[in-house]
Amino acid sequence: MLCRLGEAAAYSLGMRIVVSGTHGTGKSTLVADFASHHAEYATLGDPFELVDAALEQPDSGAYYLQLEIAAARLLEASVDADLIAERGPVDFLAYLTALHTLGRSRSSGVVDPWAWSLATQAMRSVDLLVVLPLDSTIWLSPEEDLELRDAMNDALLDLIDDAEIISAHTRVEELSGTESARLARLDLVVQTMSATR
């Protein structure tokens, strides 16, 4: 699956929401809870679900592939569609940055400029970026690579402040608290944004 980098993605007519965060922050739960109350929204699952089992190890190759998938589904979606996606290209830029920071990258260089360009183009079509920062109350087994989890969280929080990646068009909301509090806040933000479109 290859995405052409051409003209900048046009602003969508539908509402496009991306829910981002490191692993184990409640993204799947929030997306599922939102979708259960908003049948008009198409739901896009974690790109990890579309990766070949042979690439399931968290390495740079798997993250580049997931970035490409995340970007393609945003760029190829109908401009009229209301959608909520678990993870966007910015997630995988954060994972790739984290691997580099931890010295686990396949190459000694920084993240491939092609990945930055593709992620930037796709993120221009996002109306609302919901970020779930790392929550110490959510326990994960040490087998879940907690070092990478922390490093990705730090990289993601840096990236969402980068105006080259996240355009002024995209509203960014960091959500914390209980599952019900996160959902209530997301519902309110979407309602407010929809009323002003």
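Charged patches are assembled from residues with over 30% relative accessible area and no salt bridge, like charges being joined within 9 Å, where Lys and Arg count as positive and Asp and Glu as negative, while His and the chain ends are not counted. The place of a charge is taken as NZ of Lys, CZ of Arg, CG of Asp or CD of Glu, and accessible areas come from the Shrake-Rupley method with a 1.4 Å probe, with only the protein chains shown counting as cover for residues. The structure is a predicted model, in which local features need pLDDT of at least 70 and side-chain atom pairs count only at pLDDT 80 or more, whereas totals for chains, interfaces and linings use all residues. Residues are numbered from 1 along each chain as its sequence is written, and side-chain values use heavy atoms, with hydrogens and water left out.

By these criteria, D150, D154, D158, D161 and E174 form a negatively charged patch on the surface. Helix 5 (residues 146-159) is the leading contributor, with 3 residues; helices (H or I, at least four residues) and strands (E, at least two) are DSSP runs numbered from the N terminus. E174 belongs to strand 5 (residues 171-174) and has a relative accessible area of 48%, which makes it partly exposed, a class that lies between buried (under 20%) and exposed (over 50%).

The chain contains 6 helices and 5 strands, arranged from the N terminus as β-α-β-α-β-α-α-β-α-β-α, and 47% of its 197 residues count as buried. Helix 2 (residues 60-76) is mostly covered, with 12 of its 17 residues buried, among them Y63, L67, I69 and L74.

The whole structure holds 6 salt bridges, each defined by a side-chain nitrogen of Lys or Arg within 4 Å of a carboxyl oxygen of Asp or Glu. One of them pairs D46 with R87 (3.3 Å, N to O); because D46 lies in the loop between strand 2 (42-44) and helix 2, and R87 in the loop between strand 3 (83-86) and helix 3 (89-101), the pair ties together parts 41 residues apart in sequence. D46 is buried at 13% relative accessibility, as is R87 at 5%. R104, partly exposed at 33%, forms salt bridges with D145 (2.6 Å, N to O) and with E147 (2.8 Å, N to O).

Terms used
Patch = residues over 30% accessible without salt bridge, like charges linked within 9 Å, V, L, I, M, F, W, Y side chains within 5 Å. Buried < 20%, exposed > 50% of the residue type's maximum accessible area, 1.4 Å probe, protein only.
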